[in-house]
Amino acid sequence: MDKSTVQNFIRAKINERIQLMGINSFSPEDSTDLVREGIFDSLAFIDLITNCEHEFATEINLENYNPREFTTYGKLTEIILESIKK
Amino acid sequence: MRESIKNNLSQLIEHAFQQFAQLPAYNFNEKSYSYSELDSISQTIANHLKEKYPNQIYIGVYAVKSFETFASIIGIIRAGKAFVPISPKFPPAKLQRIIEKSKIKTLIDLNSKITQQQKHTVYPAVEILNSVSTFSPQGSKVQPIEDTKPAYLLFTSGTTGDPKGVSINRNQLKNYLINISKIIPLQSTNRCSQTFELNFDLSIHDIFHTLIHGSSLFIPEENDLLSLGKYIQKNKISHLFCVPSLIKIMDKLRQIKKENLLSIEAVIFCGEALTTELVEKIQQAVSNSTKIINLYGPTESTIAVAYYIITNPVKNFNGIVSIGKIFKGNDVSFTAIENSAGLYELTINGNQVISNYFGEENDASKFYTDINGLVWYKTGDLVRKDEEDLIYFAGRIDEQIKWNGHRIETGEIEHYARNITGLEAVCFILPSDSKEQLCLVLEGELTTTPGSFRVALNNYLPAQLLPQQIVSLPQFPLNSNGKTDRKKIIEIISLKLNG
């Protein structure tokens, strides 16, 4: 699994959310905090994690990460890639 | 407190400001605000509203979580007016409808979160107040206000899709606060969580229950909800109040641990059915002295109107924890459901219950007047009762389905599915152009084949009640109040199966 596959999936989920908000496009950077930016609330973020687990057939454990960090686009991608490798 | 609680709402609030001035009222992102600071800004807001808008009763407040928003809510109440939370998460059409129905002319948005574009499209005829510094500095001390006046106006999603207004008066709010203070007595040293959106009436419990007792309210940021256990540990939260779904999220994120919950004195649930499984998870992580309380109440009955302090063994029916008994000053009546022995629709009446929807004529489908002239609210909730008169929630009337000639509760099928699989379950009739099917949706994948699962279900349910469609969703969608969104699940599954 490569980084771009994971990022494409996350971006597709971001697009679903922003369409609901009436926003046409949004390009996240690695430092973009998807929760603080208001794209996902905490409940929707959990949905995103579960969808990623399902899509990539992996279990994502966020327990040891800082919630101010794992909600950024870059860190989330990194965590998903690490969990896939395990 | 015992003496003052007999008084009216404004006296309760003013007493708190006098008594607890130096204590911390709120904690937002590690920044603390004292009752004295809250007193000052909310009084400025109250004076401004009284002077500038003497004839306006309902004042909107843009419901982003901030110190200024909480102070605005209290300022509106201190001005003798009623607040109308305007959720930034609502779609523009719903916001426009709420503005139209509530007829609010003034909206407080002290964090300036409303954009210029929104001002023009959603709030063209509403004056938006952005800065306290422009408010009239002068004004007299807040005077006691009659409890017959409205305190807040919320909009619930009506069955037709048109939001219904629920206007709660100050007396109803005071009665709730008196009742809840007996069940959950707070001290000024207590630290309470604030997890609800401000358009959800359980947030009104958070704001006013802590205020009248001088306790501190800790408002986690959205990110903090993703590590709520650590947040509780770090901030030494004593009272956690949330919907059961939030505990499920904590569980998924491995946040329910003894070391995270050492400070917890009470865990309070409300807003959706509570399962014994969830209670057991909490019980394993908290001390024996921790109170676990299940509250029940439609918005129409002012936050909550029934309670059960959880005992061992946990009183439950089909794994759903009892909602206990009704609050003092309120009454219940049980309307038998045809062809469903032991099942009733719960109707309620009393000093916390409204008698009609805001701005609407009496809605006979929801309210009726008995021979004594008392108005009863038909909750639409199905319940059972036991020999101790404890009440058990058994689903919504509109979720009760007729299938193969049987009137069945989807809750029963869901209960057995949960027990067998360990997964959350939602059961409904799948609408179809050709033939309707009984559908069961599980939150997660089955570890056995659907066939062997059906055989296992057949040990508890007759063959005609076995679901024909068994589908999995990785995670159940939740609505903005954090509750499992059944309507959305049905929508997703209908699309998936019917195309």
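**Figure 1. The three-stranded open sheet of chain B, in the order β25-β26-β27.** Pairing in this sheet of the predicted model is mixed; two strands count as paired if DSSP finds at least two bridges between them. Strands here are DSSP runs of E with at least two residues, helices are runs of H or I with at least four residues, and both are numbered from the N terminus. β25 (425–430) and β27 (469–473) of chain B are the edge strands, each with a single partner strand, so one side of each has no neighbour in the sheet. From one strand to the next, the twist averages 25°. Strand β26 (residues 437–443) of chain B runs parallel to β27(B), and five bridges join the two. Helix α11 (residues 410–421) of chain B lies across β25 and β26 of chain B, at about 135° to β25(B). Axes are lines fitted to C-alpha atoms, for helices over the stretch in contact, and angles run from 0 to 180 degrees between N-to-C directions.

Residue numbers start from 1 along each chain as its sequence is written, while chains are lettered from A and ligands numbered from 1 in the order in which they are written. Because the model is predicted, local features need pLDDT of at least 70 and side-chain atom pairs count only at pLDDT 80 or more, whereas totals for chains, interfaces and linings use all residues.

**Figure 2. Parallel pairing of β11, β12 and β13 in chain B.** Four bridges join strand β11 (residues 239–242) of chain B to strand β12 (residues 266–269) of chain B, and Cys242(B) stands opposite Phe269(B) in β12(B). β11(B) is covered on both faces: His239(B) and Phe241(B) are buried on one side, Leu240(B) and Cys242(B) on the other. A residue is buried if 20 or more other C-beta atoms lie within 10 Å of its own, exposed if 12 or fewer, and partly exposed in between, with C-beta atoms placed from the backbone. β12(B) also pairs with β13(B), in the parallel sense and over four bridges; here Lys291(B) in β13(B) is the bridge partner of Ala266(B). Strand β13 (residues 291–296) of chain B has five of its six residues buried, so it is largely enclosed by the rest of the structure.

Figure 3. The peptide bond between Asn312(B) and Pro313(B) is cis, with omega about -5°. Asn318(B) is buried, with 20 other C-beta atoms within 10 Å. Lys103(B) also has a positive phi, near 60°, and is a residue other than glycine.

**Figure 4. Domain 1 and domain 2 of chain B.** Domain 1 covers 326–384 + 391–396 and domain 2 covers 400–498; the bounds come from an automatic or database domain assignment. Taken over C-alpha atoms, the centres of domain 1 and domain 2 of chain B are 28 Å apart. Five residues from domain 1 of chain B and five residues from domain 2 of chain B take part in the contact, where two residues are in contact if their C-beta atoms, placed from the backbone, lie within 7 Å. The side of domain 1 of chain B that touches domain 2 of chain B has two nonpolar, three polar and no charged residues. Ala, Val, Leu, Ile, Met, Phe, Trp, Tyr, Cys and Pro count as nonpolar, Asp, Glu, Lys and Arg as charged, and the others, Gly among them, as polar.

**Figure 5. The interface between chain A and chain B.** Chain B places 15 residues in contact with 17 residues of chain A. On the side of chain B that touches chain A, seven residues are nonpolar, four polar and four charged. Chain A has three helices and zero strands, and its C-alpha trace spans about 40 × 25 × 20 Å along its principal axes. Of the 86 residues in chain A, 29% are buried. Chain B comes to 13 helices and 27 strands, and its C-alpha trace spans about 75 × 50 × 50 Å along its principal axes. In chain B, buried residues make up 46% of the 499 residues.
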